[in-house]
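Open the structure in your viewer and keep the selection tool ready. We will go stop by stop.

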Amino acid sequence: MAVLGVSVYPDIRPLSEIREYLKLASKYGFTRVFTSMFSVEGTPDEVLAYFRDLDGASHEYGMEISLDINPECMARLGATPGDLSVFDEIKADILRMDGAYGEEDNFLMLQNPYGMKIEYNASALDPAAIEALVARGVDKNRILACHNFYPQRYTGFRWDKFREVNARLSKLGIRIGAFVASQAPGTHGVWDAICGLPTVERLRDYPADLQARILAAAGTTDVFFGNAYASEEELAAVAQALAPVEPHYVNPKVEYALAHSDYFDMSATMANQRKVRVEPLYDITDVEREILLDFFPHLDMGDSSEWIWRTRMPRMFYQDQVIAPRRYPEAEFPVGSVVIVNDNYKHYAGEVQVVLEPIVNDGTRNLVARIDREEMTMFDVIGDNDLVVFLPAR
């Protein structure tokens with residue numbers, strides 16, 4: 001289950017404003033707060049007093065708070081890897097370690113007697129460092145990882161590297177955080193952020209809910225808004241995007257087949273839902289709409305080609321329905337086309353396919369919907385056995 005969070009900037013906005021934002025976010029199921037401690041100026045007593053109040057406000061709304069610190073910040077506040085009592089005094093839940101500390105100091109901090117979790121910089125720290133800590137037998141429940149965010153356009157984390165890091169950390173069973181950019185006007189953030197605060201550069205300008213769906217499919221478990229304040233519409237959209245869909249109907253034969261399959265772990269399949277927004281065409285039939293939007297579950301068997309992603313289950317239950325062929329003048333179906341096999345190839349009729357590389361229009365497929373370029377990024381990260389839910393575009 002995804003954990004949702006927001007970021008707040010006490011050096012930029014007053015606590016009264018931040019409290020209202022936390023109250024709003026908590027309404028939509030957000031349970032984490034990310035904030036930078038080392039960017040707030042003042043005497044140690046002033047800084048600690050402020051964050052004591054911010055921690056209290058977060059807890060009031062049922063939210064854990066993660067304080068981004070670095071070695072200089074620790075020294076200024078009188079903390080050491082072996083003595084984190086100053087953070088316990090202000091009721092911090094999580095310390096996010098920005099900067100290099102070394103394996104022994106990391107190990108020492110994880111042994112703190114306060115139950116504080118330690119969150120490592122997933123964008124800067126080699127996963128081998130976390131692998132080494134796990135190998136030493138530390139309590140994995142105390143270890144978190146969280147990627148950076150990037151204010152400057154074109155500097156965000158590389159997509160393939162992001163996926164590689166997440167894959168390694170996921171194998172350890174570590175929770176992984178990353179940031180989406182709010183597209184709301186007038187947002188703020190660190191270092192005069194005016195272009196959003198995402199982790200992954202290629203997602204910077206995508207709608208927030210699509211960013212969240214892509215990050216989750218790429219192994220991210222904790223999704224934060226990087227810039228503030230996200231709009232109420234965005235908070236609601238991200239919460240909805242990452243909430244599992246409860247099917248209103250599952251064909252009993254499908255349910256039985258999946259429950260007794262050696263290939264599928266149904267509980268894992270249900271947990272790994274991937275939502276994809278499609279634009280149904282005006283001439284889609286009632287049967288085709290039902291197959292595309294209402295049938296449950298759509299999933300790949302793990303052996304699709306590089307040309308199409310295919311979900312075969314519908315064809316087993318729509319064999320007696322008429323899926324009449326329709327003529328199209330185009331010689332090819334371009335990338336992003338959603339097609340359903342028609343009665344010209346009766347054995348496969350009802351099968352839903354998403355075109356990943358252009359394919360020839362040979363008369364055996366009906367075009368039923370299109371997926372836009374940004375949305376197609378989902379198919380970079382939809383894995384074998386991931387359950388796909390097709391939703392109509394907003």
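Is Cys 73 buried or exposed? Select Cys 73 to find out: this residue is buried, with a relative accessible area of 3%. Keep in mind throughout that this is a predicted model.

**Stop 1: the cysteines**

Stay on Cys 73 and show its sulfur. The closest cysteine sulfur belongs to Cys 146. It lies 16 Å away, too far for a bond. The structure as a whole holds zero disulfides. Now jump to Cys 195. Cys 195 is partly exposed, with a relative accessible area of 23%; the limit for buried is under 20%.

**Stop 2: helix H6**

Select residues 127-135, which form helix H6. Colour its buried residues: Pro 127, Ile 130, Leu 133 and Val 134. Turn the view to look down the axis of H6. The buried residues fall within an arc of 115°, so they line one face of the helix.

Next, look at the ends. Asp 126 caps the N-terminal end of H6. A side-chain oxygen of Asp 126 lies 2.8 Å from the backbone nitrogen of Ala 128. After H6 comes Gly 137, with a positive phi near 85°.

**Stop 3: Thr 199**

Go to the loop between strand E7 (175-180) and helix H8 (208-217), and pick Thr 199. Follow its side chain: it reaches the backbone nitrogen of Phe 179 at 2.9 Å. Now show the residues around it. Leaving out those up to four places away in sequence, Thr 199 touches several residues, among them His 147, Asn 148, Tyr 150, Gly 156, Phe 162 and Ala 178.

**Stop 4: strand E8**

Select residues 222-225, strand E8. Both faces of E8 are covered. Asp 222 and Phe 224 are buried on one side, and Val 223 and Phe 225 are buried on the other.

Which strands pair with E8? Show strand E1 (residues 3-8), which pairs with E8 in the parallel sense over four bridges. Leu 4 has Val 223 as its bridge partner in E8. Then show E7, which also pairs with E8 in the parallel sense, over four bridges. Here Gly 177 has Asp 222 as its bridge partner.

Zoom in on Asp 222. Its relative accessible area is 2%, so Asp 222 counts as buried. The side chain of Asp 222 makes a polar contact with the side chain of Thr 221, at 3.2 Å. Beyond its neighbours within four places in sequence, Asp 222 is in contact with Val 3, Arg 32, Arg 175, Ile 176, Gly 177 and Ala 178.

**Stop 5**

Return to Phe 30 and show what it touches. Not counting residues up to four places away in sequence, its contacts include Leu 4, Val 6, Met 63, Phe 225 and Leu 235.

**Stop 6: the seven-stranded sheet**

What is the strand order in the open sheet of seven strands? Trace E10-E17-E9-E16-E13-E14-E11; the pairing is mixed. Strand E10 (298-299) and strand E11 (308-311) stand at the edges. Each has a single partner strand, so one side of each is left without a neighbour in the sheet.

Finish on strand E14 (residues 352-355), which pairs with E11 in the antiparallel sense over four bridges. Arg 310 stands opposite Gln 353, and Trp 309 stands opposite Val 354. Val 338 has Val 354 as its bridge partner in E14. Last, check the faces of E14. Both are covered, with Val 352 and Val 354 buried on one side and Gln 353 and Val 355 buried on the other.

How values were computed. Residues numbered from 1 in each chain as written. Predicted model: local features only at pLDDT ≥ 70, side-chain atom pairs only at ≥ 80, totals over all residues. Heavy atoms only, no water. Buried < 20%, exposed > 50% of the residue type's maximum accessible area, 1.4 Å probe, protein only. Helix = DSSP H or I, 4+ residues; strand = E, 2+ residues; numbered from the N terminus. Arc of directions from axis to C-beta. Polar contact = N/O pair within 3.5 Å; in protein donor to acceptor, adjacent residues only side chain to side chain. Contact = heavy atoms within 4.5 Å. Pairing = 2+ DSSP bridges. Disulfide = S-S within 2.5 Å.
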